[in-house]
Amino acid sequence: MSSVTENALEAVPAEAGAKRAPARRAMQKGQQTKAAIVEAALGLATQIGLEGLSIGALAEVTQMSKSGVFAHFGSREEMQISVIREYFNRFEQEVFYPALHADRGLPRVEALFGNWMKRVAVEIQSGCIFISGAVEFDDRPGPVRDALASSVQTWLSALYRAVVLAKQCGHLRPEADEQQMAFEIHGLILALHYEARFLKNPGSIERANRGFSNILARYAITSV
């Protein structure tokens, strides 16, 4: 043990460390409880939307008191924003970060779309907060709408950067419009949600995949 560490230990009375231990455990337990509440809220939001979330509904699902749930957020609005943040974090973990292992350029764009499609296959059954939230908060200014819009814009910006990089790598035609290509890819996902989840049209996933192939045929120079 270094002398610095020894001095630090000597400077802190043993009883002080003993007093802090319960505080740390209480903080960890509080974080775990909040994470469990957010998990329950996320499950509810995918089914009934962000607007359907309430302190009372979460208290019932988590078998906690309303005051206990409220204490972790302070407001219904903050609870909704916490759900959006968690949803976006999972989206990044499932869609964005795995795609970074693909080669730069068109392979990464293809990986992003492929990961996105895997997630949509699940969301067709469970629902998508980004889509339902856009309907609920499109004309309602405020922190919840801002959190939703910021999350979606962050993801679309990442997709756009991947397309730009593909062009810089020489994988797209010189005249390719990067914004248009990213727009069309996003449009496929939105159409897929509408066709598959709302209209229940069979074959929607296959049509979305064909649509992506058509986009590549128009914009890509060669198959990379």
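A crossing of two helices is left-handed if the near helix is turned anticlockwise from the far one by less than a right angle, and right-handed if clockwise. Helices here are DSSP runs (H or I, at least four residues), numbered from the N terminus.

Now the ground rules. This is a predicted model, where local features need pLDDT of at least 70 and side-chain atom pairs count only at pLDDT 80 or more, while totals for chains, interfaces and linings use all residues. Residues are numbered from 1 along each chain as its sequence is written, and side-chain values use heavy atoms, leaving out hydrogens and water.

Start with helix 5 and helix 6. Helix 5 passes helix 6 in a right-handed crossing. Their axes come within 7 Å and cross at roughly 140°. Axes are lines fitted to C-alpha atoms, for helices over the stretch in contact, and angles run from 0 to 180 degrees between N-to-C directions. Angles under 35 degrees count as roughly parallel, over 145 as roughly antiparallel, 65 to 115 as roughly perpendicular and the rest as oblique. Helix 5 and helix 6 are therefore oblique.

Who touches whom? Contact means heavy atoms within 4.5 Å. Helix 5 brings residues including Tyr 87, Phe 91 and Val 95, and helix 6 answers with Leu 112 and Trp 116 among others. The contact divides into 9 nonpolar, 1 polar and 5 charged residues. For those classes, Ala, Val, Leu, Ile, Met, Phe, Trp, Tyr, Cys and Pro are nonpolar; Asp, Glu, Lys and Arg are charged; the others, Gly among them, are polar.

Next, helix 6 and helix 9. Here the axes come within 10 Å and cross at roughly 20°. That makes helix 6 roughly parallel to helix 9. This crossing is right-handed.

What does Trp 116 touch beyond four places away in sequence? The list includes Phe 91, Val 95, Trp 155, Ile 185 and Ile 189.

Last, the core. A nonpolar core is a set of buried Ala, Val, Leu, Ile, Met, Phe, Trp, Tyr and Cys residues joined through side-chain atoms within 4.5 Å. Buried means under 20% relative accessible area, with a 1.4 Å probe and protein chains only. The largest core has 62 residues, and Trp 116 is one of those with the most contacts inside it. Helix 5 gives the most, 10 residues.

Methods:
Buried < 20%, exposed > 50% of the residue type's maximum accessible area, 1.4 Å probe, protein only. Helix = DSSP H or I, 4+ residues; strand = E, 2+ residues; numbered from the N terminus.
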